[in-house]
Number of protein chains: 2
Amino acid sequence: MLTIGQLADYAGVTIKAIRHYHERGLLTEPDRDSSGYRRYTAEHAVKLVKIRTLAHAGVPLARVKDLVDADPDTLTAAIAEVDHNLQDRIAQLRRTRDQLAQLSGGDRLFVSPEVADYLDDLRELGVSERQVHLERDGWILMQTASPADACVWITEKRELMSDPEFRALYLEHDAAYDWSPSDPRLPALADRTRNWFAGHHSPSETRPVHNATIARLAAQSQPGASSPAWDRLARLMEGSPSPGSPGRGHDDPGEGRIAASSRVRSWFCEAGSSEV
Amino acid sequence: MLTIGQLADYAGVTIKAIRHYHERGLLTEPDRDSSGYRRYTAEHAVKLVKIRTLAHAGVPLARVKDLVDADPDTLTAAIAEVDHNLQDRIAQLRRTRDQLAQLSGGDRLFVSPEVADYLDDLRELGVSERQVHLERDGWILMQTASPADACVWITEKRELMSDPEFRALYLEHDAAYDWSPSDPRLPALADRTRNWFAGHHSPSETRPVHNATIARLAAQSQPGASSPAWDRLARLMEGSPSPGSPGRGHDDPGEGRIAASSRVRSWFCEAGSSEV
DNA sequence: CTTGACCTTGCCCCTGGGTCAAGGTTCGAC
DNA sequence: GTCGAACCTTGACCCAGGGGCAAGGTCAAG
């Protein structure tokens, strides 16, 4: 006859766990000896090992209680199911391991693969870390708020980036962040930007629903995501166009200048807009 | 700006988990909007994914709290360690899977491999399931109470079982369980058994400490592990030897007949003794 | 006879959330 | 303009134990 400590060592569980199983009715309380100690038999040991094995496999104790007394067929079926769960959990842990490895690496854990590739392209292009960070955060917000729209939009933006002219404009906007607000290059940049946008309709702009999404997302600003030079740039683009590049007929009357500037800005910096 | 539900979906955690992280101080509480709803930024999303990855890897939240703000070197070192733990847990789960598979099978989960082999040998020999079960339970008790002694003893018993004469005696004892107590074969069996034991000293019997262990283990009886025929057999072996095989000089004066019978019985059925 | 290891019961707190309850908010549809 | 669904809020209890403490009884060996 075994004491509780011997039984616990045999089954590889703690004394506390055994008493817990008694309370739950999983393991019948054995007879006590003259001093009140529990005295266990081999039957208890066998049952406890079964309980331990199922409990270790993650089966809730309430279910273990039913299973240890169940007929062999029920048990076999249950074991098959539990084994499946176990396999799933192993696969899950492996996935967690992979994610863990990426944790100290790049941004792939936070954005979709497409966006991650795009961010890598930006870095390769020589875009500043600050700007890449701003883009990343913008895409996180977009993906979170509307994954479907974000998916469409990242495709468009990557196509846009294949245009050398747009790339140059993007890089200059990036550089302009640190310029003085009175820098003489700002009006010229604003002009060139407006001209470029005047000549390029993005596919998504033809869909009102998309514009609505953009407008809502543009409102999801982060504080501190701008600079004096960028603010000046925004004001310049809201103002009248330069004499050398007159307004084009395509201007939608329903689209105000502020919205246009916001939209432009969103092309360069996803979450950089501070308007509404 | 994200609501708690959007953030939860993005990170693949529950709303409850996020609030839990707030309570623990892992994730700073964001500002509330006019209605008291929490409104999250991309910074929160990034941090939450980090927290989720570590928490999923089994890192205690108290430690996660330190890690998410730690410097890259500390983080890298910690990740390596966590990854090790993860591998261990995967190995552990695999072991649990193996054990689960054996749960509906044989006895290998409850006794050492040597004993399991021995039990298989018994079955192959044609020993009854009842007897095998009795043996199994006896070995469980022995292994639990004194693994070292059980290891020595199982070796001896397997050697004993290689003797054809002993095997025959063992099988007849097994069969005798169901005999009538007045069966005429019983006295003859008792005689042959006594004669066999008189001619065979087992190595362990020369060691007093071992005898003490055996005596203590023999006391660990299970109720109902006997039968009228076996009880008669025990009495017969306690009585005077048959005329044809007189007592031998080896009889230890300090060892009474009852103890001798108990010892004999223990050779045939580990936990079958009901004395002491 | 003492000492240390082991046993008894009962209690409360910790983890990492899940679940339920009871109520306030927002948003789209009619 | 109002309705319902879906969302948010806090609070409290549950699971499957682990850990610790109290306050004491028991056992075996020196």
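1. Chain A superposes on chain B by a rotation of 180° with 0.2 Å of shift along the axis, at an RMSD of 0.5 Å. The two copies are thus related as by a two-fold rotation axis. Within chain A, the residue that comes closest to the rotation axis is A:I90, with its C-alpha at 2.9 Å.

2. The model is predicted: local features need pLDDT of at least 70 and side-chain atom pairs count only at pLDDT 80 or more, while totals for chains, interfaces and linings use all residues. Residues are numbered from 1 along each chain as its sequence is written, and chains are lettered from A and ligands numbered from 1 in the order in which they are written.

3. The contact between the chains takes 40 residues from chain A and 40 residues from chain B, two residues being in contact if their C-beta atoms, placed from the backbone, lie within 7 Å. On the side of chain A that touches chain B, the elements giving two or more residues are α1, α3, α5 (72-103) and α7 (129-145) of chain A. Helices here are DSSP runs (H or I, at least four residues), as strands are (E, at least two), numbered from the N terminus. With 16 residues, α5(A) gives the most to this side. By class, the side has 23 nonpolar, eleven polar and six charged residues; Ala, Val, Leu, Ile, Met, Phe, Trp, Tyr, Cys and Pro count as nonpolar, Asp, Glu, Lys and Arg as charged, and the others, Gly among them, as polar. Because 100% of the interface residues of chain A are also interface residues in chain B, the copies meet through the same surface.

4. One helix pair across the two chains is α3 (residues 42-56) of chain A and α5 (residues 72-103) of chain B, which pack at an angle of about 135° with their axes 9 Å apart. Axes are lines fitted to C-alpha atoms, for helices over the stretch in contact, and angles run from 0 to 180 degrees between N-to-C directions. The two helices, α3(A) and α5(B), are therefore oblique to each other; angles under 35 degrees count as roughly parallel, over 145 as roughly antiparallel, 65 to 115 as roughly perpendicular and the rest as oblique. The crossing of α3(A) and α5(B) is left-handed, that is, the near helix is turned anticlockwise from the far one by less than a right angle (clockwise would be right-handed). A:K50, A:T53 and A:H56 of α3(A) meet B:T96, B:Q99, B:L100 and B:L103 of α5(B). Two of these contact residues are nonpolar, four polar and one charged.

5. DNA strand D is surrounded by 19 residues, and the closest are A:S35, A:P60, B:T3, B:G5 and B:R38. Here α2 (15-24) and α4 (61-68) of chain A, with α1 (4-11) and α2 of chain B, each supply at least two residues. The classes are eight nonpolar, eight polar and three charged residues.

6. Within chain A, helices α6 (residues 113-125) and α8 (residues 147-160) pack at about 25°, their axes 10 Å apart. That angle makes α6(A) roughly parallel to α8(A). Their contact is made by A:E114, A:V115 and A:Y118 of α6(A) and A:I154, A:K157 and A:R158 of α8(A). It comprises three nonpolar, no polar and three charged residues.

Notes
Copies are superposed by least squares on the C-alpha atoms of residues with pLDDT of at least 70 in both. A residue is near a molecule or strand if its C-beta atom, placed from the backbone, lies within 6 Å of it.
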